[in-house]
Amino acid sequence: MTVAQQIPPSKTEAPVPAPRRENGRWAGFNHLLMARLLELKREPEVVFWVFGFPILLALGLGIAFRNKPADVTSIAIVQSAGADNALAMIQHSPRSAAIHAQILDRDAALLGLRLGKFDMVVVPDAKGGFEYRYDPARPESVLSHAEVDDVLQAAAGRRDAIATTTVTSSEPGSRYIDFLVPGLLGMNLMNSGMWGVGFSLVDMRQRKLLKRFVGTPMRRGDFLLAVMTSRILLMVVEVGFLLAFGVIFFHMRVLGSFAMIALWGALGSLSFGGLGLLTASRAQKLESISGLINLIMMPMWIFSGVFFSYERFPAVVQPFIKLLPLTALNDALRATINEGASLASQSGRLAVLLLWGGISFILALRWFRWT
């Protein structure tokens, strides 16, 4: 009998199979969102355009339109018999500090008016009166005409029939910077949604990255939703940076809650993220998506009241302007920051943003092409 026959074979136990691991419904979305956030490390220029550029823009415009003393109007008095009398009347006026006047010959005075050196030219006549020459298309020239005429009339003996007093107001909330910062927030949310979503998707399509996603067990909706959600998370930091800058450097007064401001920012990000997805759903080249994004953004840059009020446009077009998503977002941010308006009082603006974002996302989900 051999050794192998004497030793009975040992019984080996069968390995117990490990429990099958199943991913939850949102596991794919979470991984896609994390991947989108990690991609920012490879694009450091995004940090500048998202955080640095709006702050530099607010700083430059805030300094340019800061509160400052009233401008001094500059006028020329044509050399003639009554020139010295006109100059003396202006210099002895209580408002002489607001008017800089000098006597010049006729040609030099009119040349200075034409070149913008003077706001107005005063021409004394032989009867003791004055002729005013100014450009009605220049606001400073119109103001100069009113102020100089008032000074000369008062110096000649005119008395006001009604006693009036003047109270100036430059409190936080009424300044240009208080109008500008909410507009910059809205504009930056639009730029982030359109360029950050639309441009990046077309870039991925052109580099054949989207084609690789087709071979993975991934829901198309999860991918598109992760792209939009990454912009919303970036928006929270973006809004906080710009608001903190306005409060610290320009002493902005924020009357609304920061939670409400963040909510409007999230709604704006969803709305413009949906537009970005829709724009990029069929575009094949970076040149094509750049043109489409500029075509969509340009009307909102002009009409939606980023740098000046859209109330300047004719009344007939204002109902259409208010239907633009950037107009609704800017108005909502200004009402929340400067007036402390509630969400219920802005239901119309809320509906505009939800409709733009929801319809755009649904259409993008239907028309999106991976190749």
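1. How many residues has the largest nonpolar core, and which of them have the most contacts inside it? This core has 59 residues, and Leu201 and Phe223 are those with the most contacts inside it; a nonpolar core is here a set of buried Ala, Val, Leu, Ile, Met, Phe, Trp, Tyr and Cys residues joined through side-chain atoms within 4.5 Å, where buried means under 20% relative accessible area, exposed over 50% and partly exposed in between (1.4 Å probe, protein chains only).

2. The model is predicted, so that local features need pLDDT of at least 70 and side-chain atom pairs count only at pLDDT 80 or more, while totals for chains, interfaces and linings use all residues. Residues are numbered from 1 along each chain as its sequence is written, and side-chain values use heavy atoms, with hydrogens and water left out.

3. Leucine 201 touches Leu210, Phe223, Val227, Leu277, Ala280 and Phe368, if residues up to four places away in sequence are not counted (contact means heavy atoms within 4.5 Å).

4. Arginine 114 has its place in helix H5, residues 106-114 (helices are DSSP runs of H or I, at least four residues, numbered from the N terminus). With a relative accessible area of 65%, arginine 114 is exposed, and its C-alpha atom is separated by 8.7 Å from that of aspartate 135, 21 residues apart along the chain.

5. Phenylalanine 48, in helix H3, is partly exposed, with a relative accessible area of 38%.

Technical notes:
Helices (H or I, at least four residues) and strands (E, at least two) are DSSP runs, numbered from the N terminus.
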